[in-house]
Amino acid sequence: MALIMQLLLLLPTAFFLPPGALAGWITGGKEARSHSKPYMAFLNISTKHGHQRCGGFLIQKDFVLTAAHCDLGKIMVYLGAHDVTKRERSQQRLAVRRKIPHPKYNNKTQENDLMLLKLKSKAKLTAAVQLVPLPEDGEEVMPRDICNVAGWGNTRARGFSLPSTLQEVNLMVLEENRCMRYSHFIPNSMLCVGDPKEFNKSSFKGDSGGPLVCDGTAQGIVSFGKVDGSPPRVFTRVSTYIPWIKKTMRKLQD
């Protein structure tokens with residue numbers, strides 16, 4: 001596993017994997033309709049090993065929400081993108097003024113795995129660039145709800161193939177006890193997602209930091225899972241962190 005991780009880090013467009021997990025990739029999905037998810041953000045991350053990628057989502061004109069484990073280097077945010085290898089007219093490429101990972105993020109357990117990105121300039125809202133609503137403080141997602149995950153991550157469970165266009169997959173929210181196999185699973189701040197019966201449908205190949213969208217609301221953030229990519233996977237529960245998100249954005253408003 002250590003050798004695999006080293007090889008991935010050397011790939012110029014490698015996709016970040018948190019310690020001991022392959023959390024960031026989507027399998028069993030399909031190409032999303034162009035610009036059908038205008039809240040999606042592609043994070044192009046410059047590190048000493050080259051370029052890596054994560055997902056995120058626009059929650060205010062000057063704030064993107066993503067995973068704390070995506071704090072790997074200098075980040076450029078692409079909004080309004082479908083094919084990230086092209087300079088689409090719809091794209092807005094914005095630099096990050098400040099990265100604010102949750103102050104209690106634990107990179108060993110992935111607890112509190114979320115990060116706000118304060119953009120240097122505000123996004124211009126267009127048909128291809130829109131905000132996604134956040135849940136209310138403490139809002140629940142019910143087991144068996146079907147939600148959507150999207151990203152530009154690896155599309156092969158075996159091997160490595162990064163798509164240029166946005167991919168998506170629908171996943172089921174599960175009862176909390178289905179993720180108790182993870183020693184660091186915390187029901188109050190995490191969601192258990194992905195039916196084990198549908199092994200080939202998982203966030204195993206979607207962008208880390210991307211949103212779990214349920215009925216139009218960003219309820220989760222792609223976080224971590226088992227090394228073999230099998231569902232269920234663990235997502236950060238956004239509703240738990242609404243007070244911190246709102247307080248932090250207020251402090252940093254221009």
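**Salt bridges and nonpolar cores in a predicted model**

Glu140 is exposed, with a relative accessible area of 53% (exposed means over 50%, buried under 20%, partly exposed in between; 1.4 Å probe, protein chains only). The model is predicted: local features need pLDDT of at least 70, side-chain atom pairs count only at pLDDT 80 or more, and totals for chains, interfaces and linings use all residues. Residues are numbered from 1 along each chain as its sequence is written, and side-chain values use heavy atoms, with hydrogens and water left out.

Glu140 meets Arg237 in a salt bridge at 3.5 Å, N to O, where a salt bridge is a side-chain nitrogen of Lys or Arg within 4 Å of a carboxyl oxygen of Asp or Glu. Arg237 is buried, with a relative accessible area of 6%. Glu176 also forms a salt bridge with Arg237, the closest N and O atoms being 3.5 Å apart. Glu176 lies in the loop between β10 and β11 and Arg237 in strand β14, so this pair ties together parts that are 61 residues apart in sequence; strands (E, at least two residues) and helices (H or I, at least four) are DSSP runs, numbered from the N terminus.

Another salt bridge joins Asp62 to Lys118, with the closest N and O atoms 2.6 Å apart. Asp62 is buried at 2%, and Lys118 is buried at 3%.

The largest nonpolar core contains 47 residues, among which Ile59, Val77, Leu116 and Ile245 touch the most other members. Such a core is a set of buried Ala, Val, Leu, Ile, Met, Phe, Trp, Tyr and Cys residues joined through side-chain atoms within 4.5 Å.
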